[in-house]
Amino acid sequence: MLFCKILRTHVPHGLIKSIDVSKLSRCPACSLSLPEKPPIPYGILPVSQDEHALCIDKVRFIGDPVAAVAAIDEDVAFDAMNLIEVEYERLNTISSIEEAVMIDEPRIHEYGDAATFTKKSLGIR
């Protein structure tokens, strides 16, 4: 049996520039690391068939999963998870609906029509 730990981001919004798992080679009890893009998107609902278990290129909230490790016990998995280094390019955050409507960037998701909601349609002056 292996124990898994998931490394989650502390960055509220950013691009993943690199994920370095090279220090895991010093951890012989670590069996597996998953820093790369999972090959197959999945989704439970028909509208979400393009989801991935780990963030591929962008984190959108604190706690987004970016990498995973599996090891022989939970403590080793935790230590191995903390050896992973992730470099981010921080993006601006938006903290209110009003702020989101007033600016075009940053967009949380690249799909969808950015002009769907306007200040006028939301009753914002």
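View 1. The model is predicted: local features need pLDDT of at least 70, side-chain atom pairs count only at pLDDT 80 or more, and totals for chains, interfaces and linings use all residues. Residues are numbered from 1 along each chain as its sequence is written, and side-chain values use heavy atoms, with hydrogens and water left out. Ile 103 has 35% relative accessibility and therefore counts as partly exposed (buried means under 20% relative accessible area, exposed over 50%, partly exposed in between; 1.4 Å probe, protein chains only). Together with Ile 94 and Met 102, Ile 103 forms a nonpolar patch on the surface, with about 230 Å² of accessible area. Such patches are made of residues with over 30% relative accessible area and no salt bridge, nonpolar side chains being joined within 5 Å and like charges within 9 Å; areas come from the Shrake-Rupley method with a 1.4 Å probe.

**View 2. The open sheet E4-E2-E6.** Three strands form this open sheet, and the pairing is antiparallel. E4 and strand E6 (85–90) stand at the edges with a single partner strand each, so one side of each is left without a neighbour in the sheet. Two strands pair if DSSP finds at least two bridges between them. Strand E2 (residues 14–20) is joined to E4 by 2 bridges: Gly 14 stands opposite Val 59, and Leu 15 has Lys 58 as its bridge partner.

**View 3. The salt bridge of Glu 85 and Lys 23.** The closest N and O atoms of this pair are 2.4 Å apart; a salt bridge is a side-chain nitrogen of Lys or Arg within 4 Å of a carboxyl oxygen of Asp or Glu. Glu 85 lies in strand E6 and Lys 23 in the loop between E2 and strand E3 (30–34), so the pair ties together parts that are 62 residues apart in sequence.

View 4. Asp 64 lies in the loop between strand E4 (58–59) and strand E5 (65–71). Asp 64 is buried yet has no salt bridge, and the nearest side chain of opposite charge, Arg 60, is 5.2 Å away. Lys and Arg count as positive and Asp and Glu as negative; His and the chain ends are not counted.

Methods: Helix = DSSP H or I, 4+ residues; strand = E, 2+ residues; numbered from the N terminus.
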